[in-house]
Amino acid sequence: MEKDSLRIGALELASRLIVGTGKYPSMEVMQAAHAASGAAMVTVAIRRIGLDDRQGRTMLDYIDRDRFTILPNTAGCYTAKDAILTARLARELLSTDLIKLEVIGDAQTLYPDTRGTLAAAEQLVGDGFTVLPYIGDDPIACRQLEEMGCAAVMPLAAPIGSGLGVCNPYSIRIIKERARVPVIVDAGVGTASDAALAMELGVDALLMNTGIAGASDPVRMARAMKHAVIAGREAFLAGRMPKRLYANASSPMQDLIATQAP
């Protein structure tokens, strides 16, 4: 198979699956799921890193930094100001300019605040961050974020943690067709068929957490997601056959009849 790596700014990743760190039944299960996923990047919510472990360990101690690139995120921020502060703290803590930007606008749906996201993205890009913003499946907002200098755009497939799959494939297709930066579908992927469908739309990568961590067997689901992302990507690159209303014989007679002697 030809090399098909994912490029985000100056970063090159061997996997098109990005995984999260929340909601696992234990840190050991999380580690095993990360390994099974084949992912090269793991996202961590900076505001949710616990400091109350008796042994003094945090989430970061359970991530193999030789194997995974850490993508800090601003989950839990409801204002641009809080998101900017959290990103700056992440840069100091992890010595990275990478940031997954989240500015939430509604506590029930967890939909992003578009205006706040745009404001925070503009400031962070100006500060030298490599910004990957979580945003609605809005082609206009995605274009504006790209024009600001974001390294990728991350439209949602469905509300965070819902597992509903890709609710609006048409918007995702439009976003991808227009984008000149990677399009990473973020949030809402619930199972392997959702992941394959998203990748068949042509997006560059997927980020998922609950779909894996919330499964009865997170490690097995992580492995399933790995294969689904690869299969969906390969199908997109292969180019599917056209859909037809009527049958079209797999072994047509036309060529056979044409080659028979009179």
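Predicted model: local features only at pLDDT ≥ 70, side-chain atom pairs only at ≥ 80, totals over all residues.
Residues are numbered from 1 along each chain as its sequence is written, and side-chain values use heavy atoms, with hydrogens and water left out.

**Helix α5 and Ser171**

- Ser171 sits in helix α5; helices (H or I, at least four residues) and strands (E, at least two) are DSSP runs, numbered from the N terminus.
- With a relative accessible area of 13%, Ser171 is buried (buried is under 20% relative accessible area, exposed over 50% and partly exposed in between, using a 1.4 Å probe and protein chains only).
- Not counting residues up to four places away in sequence, Ser171 touches Asp137 and Pro139, where contact means heavy atoms within 4.5 Å.
- Helix α5 spans residues 169-178, and its buried residues are Ser171, Ile172 and Ile175.
- Seen down the axis of α5, these buried residues fall within an arc of 100 degrees, so they line one face of the helix; the arc is that of the directions from the helix axis to the C-beta atoms.
- Tyr170 and Glu177 are exposed residues on the face of α5 turned away from its buried side.
- The packing partners of the buried α5 residues are α4 (139-148), β8 (154-155) and β9 (184-186).

**The largest pocket**

- The largest pocket holds about 640 Å³ of space; a volume is the space filled by probe spheres set on grid points, which are joined across faces, edges and corners.
- A pocket, on a 1 Å grid over the protein atoms alone, is an open set of points where a 1.4 Å probe fits, with protein on both sides within 12 Å along at least five of seven lines, and lining residues have an atom within 4 Å of a point.
- Of the 32 residues lining the largest pocket, Arg48, Ala75, Glu102, Ile160 and Asn209 are the closest to its centre.
- At least two lining residues come from each of β4 (41-45), β10 (205-208) and α7 (210-213), and β4 gives the most, with three.
- The lining has 13 nonpolar, 14 polar and five charged residues (Ala, Val, Leu, Ile, Met, Phe, Trp, Tyr, Cys and Pro count as nonpolar, Asp, Glu, Lys and Arg as charged, and the others, Gly among them, as polar).

**Loop residues to look at**

- Leu110 lies in the loop between β6 (98-101) and α3 (114-126), and has a positive phi of about 60 degrees although it is not a glycine.
- Leu110 counts as partly exposed, at 25% relative accessibility.
- Ala187, in the loop between β9 and α6 (192-200), has a positive phi near 90 degrees and is buried at 9% relative accessible area.
- Arg16 is found in the loop between β2 (11-13) and β3 (17-19) and is buried, with a relative accessible area of 8%.
- The side chain of Arg16 reaches the backbone oxygen of Asp204 at 2.8 Å.
- Leaving aside neighbours within four places in sequence, Arg16 has contacts that include Asp4, Met199, Leu206 and Arg233.
- Arg16 and Ala187 are 171 residues apart along the chain, and their C-alpha atoms are separated by 15 Å.

Terms used. Polar contact = N/O pair within 3.5 Å; in protein donor to acceptor, adjacent residues only side chain to side chain.
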